[in-house]
Amino acid sequence: MMLALTSCEEVPAFGAEADGVTAAMLEAAGSDEANWIMHGRTYSEQRYSPLSRIDTGNVGELGLAWFADMDTARGQEATPLVIDGKLYLTTAWSKVKAFDAASGAPLWEYDPQVPGETGVKVCCDVVNRGLASWGNSLFLGTLDGRLVSLDRDTGEVEWETVTVDQSMAYSITGAPRVIDGKVLIGNGGAEFGVRGYIAAYDAADGSELWRFYTVPDGTEGEDAPAHLKAAADTWNLEVLRGSDAIGGGGTVWDSMAYDPELDLLYFGVGNGSPWNRAYRSPGADGTGEGDNLYLSSIVAVRPDTGEYVWHYQTTPGETWDYTATQHIILADMEIDGEERQVLMQAPKNGFFYVLDRATGEFISAEEYIPQNWAEGIDENGRPIFNPQTRIDVTGEAALVMPGPLGGHNWHPMAYHPGEGLVYIPAFEAATVYDPEDDWKPDRARGFNVGFNLGAGDLPPDLGIRREVYGTVKGKLMAWDPVAQEARWEVEFPGPWNGGLLATGGGLVFQGNSGSEFAAYDAADGEKLWSFAAQTGIVAPPITYAVDGEQYIAVLAGWGGAYAISADGHLVNDQGPVRNVSRLLVFKLGADGELPAERELVSLPLDPPPSRSDAQTIALGKVKYARYCAVCHAPAAVGSTVLPDLRRSGTLGNARSWMAVVHDGILKDNGMASFSQSLSREEMEAIRAYVIQRANEDKALETEQIARR
Ligand code: CA
């Protein structure tokens with residue numbers, strides 16, 4: 001199989017040459033057992049390590065070797081890299097830290113000083129998912145859109161390049177990849193009205209080599225790239241042009257993979273901007289059937305030039321935030337008696353896809369979780385839409401499954417070549433999509449999705465809230481990509497569980513929202529070991545070896561899209577999920593212990609009385625849903641990650657409220673001014689709404705405290 005060399009002699013030793021990480025090393029990363037030198041471990045992104053010292057027989061002896069506390073309490077989504085006994089990771093706010101991988105001794109840190117106000121430009125927490133390596137450098141994408149080259153030994157900046165228009169709500173949370181001296185990075189922001197692209201930069205000096213836009217800007221002339229001319233027929237170009245253009249979305253914010261033999265770079269493309277397709281399709285009258293290329297697509301290009309080769313669109317037109325930015329895995333397998341080079345993805349839309357990665361040909365797709373937007377996928381790989389879920393056509397609200405969190409989000413899967421199984425961190429969560437009346441784009445602030453994000457707000461009734469949260473489930477699924485069915489699955493009380501690692505020891509490792517880090521038998525899903533992590537875990541584990549000793553590492557810490565939009569007390573039935581941001585490293589026979597768990601203190605709700613009129617509160621509810629809910633949770637219920645506004649000290653004081661929301665005095669903490677988007681009257685209406693909500697929930701609080 002071409003994706004993993006089998007002879008160790010073909011793997012050059014690190015440190016043996018001044019060149020550092022080379023193209024040969026990256027291509028042979030699969031057989032370099034000790035190290036983890038790129039994001040998905042190999043270009044095939046299988047997240048499978050052949051290390052087998054820790055196995056199904058001895059995993060019970062796994063213990064804490066060392067840990068390191070992070071200096072933020074925001075979401076932790078990174079995959080660390082390990083090169084020659086040193087571990088490098090990124091943490092929230094795009095900071096980087098280096099450690100001795102065996103002892104945990106800190107080596108260096110780097111803080112790109114991302115302006116705090118960047119926090120309001122991101123949909124899904126101030127996370128970062130990792131680094132790329134090349135030569136003696138590491139590459140980092142920062143939340144505010146810079147690409148930075150760091151000296152791997154010292155953490156000193158070698159160069160930095162601004163990759164986006166920073167006046168817009170672009171952000172970078174994904175890990176760069178490197179192919180033969182070209183650093184590849186995309187960006188996010190499709191909820192905020194940007195136009196997505198991926199670009200390549202010279203690893204030597206950061207100069208841009210090519211840029212591939214995923215959606216047209218509506219002004220494509222004769223010399224436009226062929227792929228954009230082809231896409232132009234599938235859009236209402238009017239809305240993509242000019243100063244109040246809607247951007248189109250299609251951001252490339254996470255997944256990439258590379259096949260060195262085919263010389264194809266694959267990447268996943270995100271959702272439309274706005275979500276509601278009625279504003280994007282030809283005619284924009286709700287009747288258009290424009291596919292809006294290349295939204296929700298997997299695209300293959302030449303890494304040298306960015307030249308388009310093929311694409312496959314998972315959700316033509318897309319109106320539910322069904323990104324195809326989810327993890328892409330490459331593998332070779334026998335299907336119908338034929339050896340196939342496949343590409344696999346479980347995008348948000350709930351179907352597991354197997355494509356021919358040489359040609360983009362559709363091989364198969366099956367539901368991996370229940371969904372109701374499609375009646376099936378036809379033989380050409382095109383979905384048959386369920387008309388009842390086409391809210392862009394009907395203009396009526398509908399309960400659609402999956403919701404915008406998807407059946408699977410960014411959390412990496414893993415593929416075990418011996419078992420022939422793909423492990424999927426999946427979940428079930430439906431959402432009410434309610435087209436917003438009189439929607440207008442606002443590229444300055446707030447969610448630009450064309451739906452009323454308050455439509456699914458739960459009533460102030462703890463019983464109903466618990467019942468609804470109880471329907472949101474997480475699953476670890478072992479998926480057979482040939483048979484297109486689950487071999488086994490483990491169910492969790494809450495969604496948003498961690499990314500995955502599969503090993504040659506027959507194990508699958510995963511953290512979860514129940515504040516546990518666990519090992520399962522890769523063959524049958526039996527839980528063989530677990531560790532009480534004191535925090536929800538969403539990041540994927542890695543494994544590496546130093547001096548023959550195998551280690552398992554995971555960056556713990558609750559956060560990301562679901563964590564900041566859910567009531568942290570109701571995520572599961574095990575009490576509030578908290579964020580303790582900490583790298584945990586395990587080895588056999590170790591007996592390290594974590595410091596005692598801190599009490600999660602939350603003061604009783606004590607809001608001022610609600611005296612505003614119903615009309616003001618109603619206005620506040622609408623504005624809250626569009627501008628506040630994504631960070632402070634729908635209906636202001638409060639997550640355990642970001643400030644719970646019902647408890648804000650400014651609630652009773654209109655002037656201090658205005659100092660924050662209008663004047664932006666907390667911008668360095670991530671709360672920028674909303675004066676470009678909201679009038680003072682609207683800001684005051686939001687305060688009235690939050691006061692009302694706090695008073696409603698105060699009545700529930702006694703019951704909730706009693707439950708703890
Ligand atoms: Ca999105």
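**Exercise 1.** Which residue caps the N-terminal end of α6?

*Solution.* The model is predicted: local features need pLDDT of at least 70, side-chain atom pairs count only at pLDDT 80 or more, and totals for chains, interfaces and linings use all residues. Residues are numbered from 1 along each chain as its sequence is written, and side-chain values use heavy atoms, with hydrogens and water left out.

Step 1. The cap is D613, with a side-chain oxygen 3.1 Å from the backbone nitrogen of Q615.

Step 2. Helix α6 covers residues 614-627; helices (H or I, at least four residues) and strands (E, at least two) are DSSP runs, numbered from the N terminus. The expected span is 1.5 Å times one less than the number of residues. For the 14 residues of α6 this gives 20 Å, and the end C-alpha atoms are 20 Å apart, so the two values agree.

Step 3. Buried residues (under 20% relative accessible area, 1.4 Å probe, protein chains only) in α6 include I617, G620 and Y624.

**Exercise 2.** Identify the residues that coordinate the calcium ion, and state how they are spaced in sequence.

*Solution.* Step 1. Donors are N, O and S atoms within 2.8 Å of the metal (3.2 Å for Na, K and Ca); water is not among the atoms, so sites may look incomplete. The calcium ion is coordinated by E191 (OE), E191 (OE), N271 (OD1) and D321 (OD), at 2.4 to 2.9 Å.

Step 2. The spacing of the donor residues is E-x79-N-x49-D. N271 belongs to the loop between β17 (264-268) and β18 (272-273), and D321 to the loop between β20 (308-313) and β21 (328-335); the pair therefore ties together parts that are 50 residues apart in sequence.

Step 3. N271 and D321 are both buried.

**Exercise 3.** Describe how β23 and β24 pair.

*Solution.* Step 1. Pairing requires that DSSP find at least two bridges between two strands. β23 (residues 351-356) and β24 (residues 362-367) are antiparallel, with five bridges.

Step 2. F352 has E366 in β24 as its bridge partner.

Step 3. The two strands form a hairpin with five residues between them, and G360 in the turn has a positive phi of about 85°.

**Exercise 4.** Determine which strands stand at the edges of the open sheet of five strands.

*Solution.* Step 1. The strand order is β1-β33-β34-β35-β36, with mixed pairing.

Step 2. β1 (48-49) and β36 (527-532) each have a single partner strand, so one side of each is left without a neighbour in the sheet.

Step 3. Within this order, β33 (residues 500-503) and β34 (residues 507-512) run antiparallel, joined by three bridges. L501 stands opposite F509 in β34.

Definitions and conventions
Buried < 20%, exposed > 50% of the residue type's maximum accessible area, 1.4 Å probe, protein only. Polar contact = N/O pair within 3.5 Å; in protein donor to acceptor, adjacent residues only side chain to side chain.
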